[in-house]
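Let's take a friendly walk through a protein model. Keep the sequence and the 3D view open beside you, and look up each residue as it comes along.

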Amino acid sequence: MKRSLARMLKELFSFGGLELSVALVDEAEIRRLNSRYRNRDEPTDVLSFPQMSPTEIEGLVARNRSASEPLGDIVVCVPVAARQAQERGMSRAAELELLAAHGLLHLVGYDDETGESAAAMAEMEKRLLGRSIIG
């Protein structure tokens with residue numbers, strides 16, 4: 001996952017130095033986080049917690065500048081990922097990579113709440129991995 005995320009960051013940004021953290025958690029932890037931060041008392045597959053605003057990211061891109069900056073945190077629920085992998089006929093590793101990509105795109109400002117923004121996010125997932133969670 002580390003190599004895959006590093007490759008995706010290079011694809012998204014022409015400069016280096018952005019940092020992110022990834023936590024692999026169980027259903028109880030993801031449910032707790034989802035309830036606390038999204039008011040949804042249920043487990044989910046991936047959550048993202050940005051530490052930079054879209055404006056800050058745009059500023060770095062405009063300057064094409066390497067910066068040791070924390071982009072944010074991605075939290076992936078391993079049991080949910082394992083079930084989804086089985087449902088989709090994918091390996092666990094491929095599902096984890098897909099969830100990491102989805103989480104990363106949320107960190108950089110992509111949104112899947114509306115049709116148009118979801119389509120743009122799906123297109124970027126396909127560009128990064130050749131497949132998408134969204135469709």
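## A buried glutamate

Glutamate 95 counts as buried, with a relative accessibility of 0%. Here buried means under 20% relative accessible area, exposed means over 50%, and partly exposed is in between (1.4 Å probe, protein chains only). Which residue does the side chain of glutamate 95 meet in a salt bridge? The partner is arginine 88, at 3.4 Å from N to O. A salt bridge is a side-chain nitrogen of Lys or Arg within 4 Å of a carboxyl oxygen of Asp or Glu. Arginine 88 is partly exposed, at 34% relative accessibility.

## About the model

This is a predicted model, in which local features need pLDDT of at least 70 and side-chain atom pairs count only at pLDDT 80 or more, while totals for chains, interfaces and linings use all residues. Residues are numbered from 1 along each chain as its sequence is written, and side-chain values use heavy atoms, with hydrogens and water left out.

## The overall fold

The protein has six helices and three strands. Helices (H or I, at least four residues) and strands (E, at least two) are DSSP runs, numbered from the N terminus. In what order do the elements run from the N terminus on? The order is α-β-α-β-α-β-α-α-α. The radius of gyration of the protein is 15 Å, close to the 14 Å that the globule rule gives for 135 residues, so the protein is as compact as a globular protein of that length. This radius is taken over C-alpha atoms, and the globule rule is 2.2 Å times the number of residues to the power 0.38.

Along the principal axes, the C-alpha atoms fill a box of roughly 40 × 30 × 30 Å. Of the 135 residues, 39% are buried. Contact means heavy atoms within 4.5 Å. Among contacts between residues at least 6 apart in sequence, 61% join residues at least 24 apart.

## Charges and salt bridges

The protein carries 17 positive and 21 negative side chains, and the centres of the two sets lie 5 Å apart. Lys and Arg count as positive and Asp and Glu as negative, while His and the chain ends are not counted. Each charge is placed at NZ of Lys, CZ of Arg, CG of Asp or CD of Glu. Side chains of opposite charge can pair when their charged atoms come close. How many salt bridges are there? The count comes to six.

One of them joins the side chains of arginine 7 and glutamate 97, at 4.0 Å from N to O. This pair links distant parts of the chain, 90 residues apart: arginine 7 is in helix 1 (residues 2–12) and glutamate 97 is in helix 5 (residues 92–107). Arginine 7 is partly exposed at 38%, and glutamate 97 is partly exposed at 21%. Another salt bridge, at 2.8 Å from N to O, joins arginine 32 and glutamate 29. Both lie in helix 2 (residues 27–38), three residues apart, about one turn of the helix. An α-helix has 3.6 residues a turn, so residues three or four places apart point the same way. Arginine 32 is partly exposed at 41%, and so is glutamate 29 at 26%.

Glutamate 27 lies in helix 2 and is partly exposed at 28% relative accessibility. Leaving aside neighbours within four places in sequence, glutamate 27 is in contact with Pro43, Cys77, Pro79, Val80 and Arg83.

Now find asparagine 39, in the loop between helix 2 and strand 2 (46–50). Most residues other than glycine have a negative phi. Asparagine 39 has a positive phi, near 55°. Is asparagine 39 buried or exposed? This residue is exposed, with a relative accessible area of 70%.

## Helix 4 and helix 5

In helix 4 (residues 78–88), the buried residues include Val80, Ala81, Ala82, Gln84 and Ala85. The buried residues of this helix pack against helix 2, strand 3 (69–77) and helix 5. Glycine 89 follows helix 4 and has a positive phi, near 70°.

Histidine 102 is found in helix 5 and is buried, at 6% relative accessibility. Which residues does histidine 102 touch, not counting those up to four places away in sequence? They are Val46, Asp112, Met121, Glu125, Ile133 and Ile134.
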